[in-house]
Amino acid sequence: MARVPYLRREDADVERKPLYDRLEAERKVPTANIFLALANAPAQLDAFLTYANSLRGGELSSKLRELAILTVGHTTRSAYEVAHHQSHGLKAGLSEEQLAAVADFEAADVFDETEKAVMRLARESTLQVHVSEETWQAAAARLTDRQMVELALSIAWYNSGVRLMGLLDIDLENGYVNPF
């Protein structure tokens, strides 16, 4: 059970209704528990949405971004992160076989060298914060500086997300399967 209440539209004051309109326009309906928990801090939720949306644009491919996010989720054993981003990964072009192999990507032959370099960067950053020059250069040799910054922002953002979910003890919604 979450450590803060999930605030739903019907629980919100009139001045908070536009935030729920935004959530429903930009995110899945019904609204995910993470957003309902963050609704306890409406100004921060609004900024959270703006920043999260900014990560979806740019030059970094959605496929590489989702591989990084799923790697963060598997590395931290965040059932919420992995469960929610598997569908995003499929939409981005990952195969079911690739989704199943993320946790043990080094041994899998379903990823190319760019994908593995991105996943190594995500895993190492998640586990150690500082990444080795070798790990950085392996990804940087395949991506532009802009893509590397977008990747770093995504990895850091989703690391903060899994920590929020763990700290607030966010429940996985009905209909999602715990991958662990």
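How exposed is R120, at what relative accessibility? The value is 25%, so R120 counts as partly exposed, a class that lies between buried (under 20% relative accessible area) and exposed (over 50%), as judged with a 1.4 Å probe and protein chains only. The model described here is a predicted one, in which local features need pLDDT of at least 70 and side-chain atom pairs count only at pLDDT 80 or more, while totals for chains, interfaces and linings use all residues. Residues are numbered from 1 along each chain as its sequence is written, and side-chain values use heavy atoms, with hydrogens and water left out.

Salt bridges with shared partners bring E106, E113, R120 and R123 together in one network. Within this group, E106 and R123 meet in a salt bridge of 3.2 Å, N to O. Because E106 sits in the loop between α6 (96–101) and α7 (113–128) and R123 in helix α7, this pair ties together parts 17 residues apart in sequence. Helices here are DSSP runs of H or I with at least four residues, and strands are runs of E with at least two, numbered from the N terminus. E106 has a relative accessible area of 34% and is partly exposed; R123, at 29%, is partly exposed too.

The structure holds ten salt bridges. Another of them joins the side chains of R9 and E24 at 3.2 Å, N to O. This bridge links distant parts of the chain, with R9 in the segment before α1 (17–26) and E24 in helix α1, 15 residues apart. R9 is partly exposed at 23% relative accessibility, and E24 is partly exposed at 34%.

Rings of Phe, Tyr and Trp (its six-membered ring) pair if their centres lie within 6.5 Å; planes under 30 degrees apart count as stacked, over 60 as edge-to-face and the rest as tilted. By this rule there are three aromatic pairs. In one of them, F48 and W157 are tilted, at 4.8 Å centre to centre and 45 degrees between the planes. F48 belongs to helix α3 (residues 42–54) and W157 to helix α9, and 109 residues separate the two. Both are buried. W157 also pairs with Y51: the ring centres are 4.6 Å apart and the planes stand at 50 degrees, so this pair is tilted. With Y51 in helix α3 and W157 in helix α9, the pair ties together parts 106 residues apart in sequence. F35, F48, Y51 and W157 form one aromatic cluster.

Y51 is partly exposed, with a relative accessible area of 31%, whereas W157, at 16%, counts as buried. Together with V149 and L153, Y51 makes a nonpolar surface patch of about 240 Å². Patches are built from residues with over 30% relative accessible area and no salt bridge, like charges being joined within 9 Å and nonpolar side chains (Val, Leu, Ile, Met, Phe, Trp, Tyr) within 5 Å; accessible areas come from the Shrake-Rupley method with a 1.4 Å probe, and for residues only the protein chains shown count as cover. L153 lies in helix α9 (residues 145–168) and is partly exposed at 35%.

Key:
A salt bridge is a side-chain nitrogen of Lys or Arg within 4 Å of a carboxyl oxygen of Asp or Glu.
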